[in-house]
Amino acid sequence: MKGYKKRQLETFTSLGTSPDEWQICELVGIETDDKGREIPIFRAYPGYSLRRPFYDTLSKEELDALIQDHEINSESGEGWMNSCQLCGHNIMYPWKIKHDKKLFLMDIGSECITNFMNASTATVSKEFKLKVLKKEFKSWKRSAVNECWNNHKHFRHDEYGDVLTYGRENKPLIQRKYFKLQEELRQLDTDDVSYRKISGLFKKAKKLEIKIPDQVDKLIQTKKPIKTKLKRIKKLSKSRKSALDKFFWK
Ligand SMILES: [Zn+2]
């Protein structure tokens, strides 16, 4: 671990920078690949140049071989698709960091974000999602409340939201769900809400066939990565010998 950390530090130094001068680029979106893995999308920074210190340490043949590997893997969706420019480790989807004084950008892996940016990518991505969900909620709330109302207005409720007058068979339960959701939507305080709570409300609404904003739909449907599949990919990548193995520090 010592050698690995040393290597990361050396890379920052080789660019004439120190770790604390770098920041994570601003997230503008999070997409999901077909295996449920998150792909972070970052704001563009015109005038900044992309630094690739790890690639710069490779010979032309090594770099070509590595990039070809990445391309093949990107097409099949299996195996590593990028390299962390800070430490050389194989990664899936890079995170971008920036150095404002020197106008540098660099692609690095989430582990290096954790080690050097003092932040976890899981937290950063959750914070981003929460921000989007809160913003979308404010403009969506009125129509959602109306839709709930339209779906239960023909029923009278007692003070607990229980349906007093029944319609067709099985209907009351559904009506009550709309009524409850409507109350929850009304009472939600967006200044003090957790990701879990607000995403839960959107999911509930979707289940009741209330239209939710596309952007929200995309963000909350993040599937859990299929563990066995990931294991297999790791195994595959491990067993595959390449001329570049010597660059991947332990
Ligand atoms: Zn790294």
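Reply: Start with Gln23, which stands opposite Lys98 in β7. This is a predicted model, where local features need pLDDT of at least 70, side-chain atom pairs count only at pLDDT 80 or more, and totals for chains, interfaces and linings use all residues. Residues are numbered from 1 along each chain as its sequence is written.

Strands (E, at least two residues) and helices (H or I, at least four) are DSSP runs, numbered from the N terminus. Two strands pair if DSSP finds at least two bridges between them. β1 and β7 (residues 95-99) pair in the antiparallel sense, over 2 bridges. They belong to an open sheet of 4 strands, ordered β1-β7-β8-β4, with mixed pairing. Its edge strands are β1 (23-24) and β4 (49-51), each pairing on one side only.

Next comes another pairing. β2 (residues 27-32) runs antiparallel to β3 (residues 38-42) over 5 bridges. Glu31 stands opposite Ile39 in β3. The two strands form a hairpin with 5 residues between them. In that turn, Gly36 has a positive phi of about 85 degrees.

Phe42 also lies in β3. Phe42 sits 14 residues from Val28 in sequence, yet their C-alpha atoms are 5.3 Å apart. Contact means C-beta atoms, placed from the backbone, within 7 Å. Leaving out residues up to four places away in sequence, Phe42 touches Cys25, Glu26, Leu27, Val28 and Lys96. Is Phe42 buried, exposed or partly exposed? Phe42 counts as partly exposed because it has 18 C-beta neighbours inside 10 Å. The cut-offs, on C-beta atoms placed from the backbone, are 20 or more others within 10 Å for buried, 12 or fewer for exposed, and partly exposed in between.

Now the helices. α3 (residues 60-76) has 17 residues and should span 24 Å at 1.5 Å a residue; its end C-alpha atoms are 24 Å apart, which agrees. The expected span is 1.5 Å times one less than the number of residues. Just after α3, Gly77 takes a positive phi of about 75 degrees.

Finally, α5 (residues 121-152) packs on α7 (residues 195-207) at about 45 degrees, with axes 10 Å apart. That makes α5 oblique to α7. Angles under 35 degrees are roughly parallel, over 145 roughly antiparallel, 65 to 115 roughly perpendicular, and the rest oblique. Axes are lines fitted to C-alpha atoms, for helices over the stretch in contact, and angles run from 0 to 180 degrees between N-to-C directions. Residues of α5 that meet α7 include Leu130, Leu133 and Phe137. Their partners in α7 include Ile198 and Phe202.

Terms used
Two residues are in contact if their C-beta atoms, placed from the backbone, lie within 7 Å.
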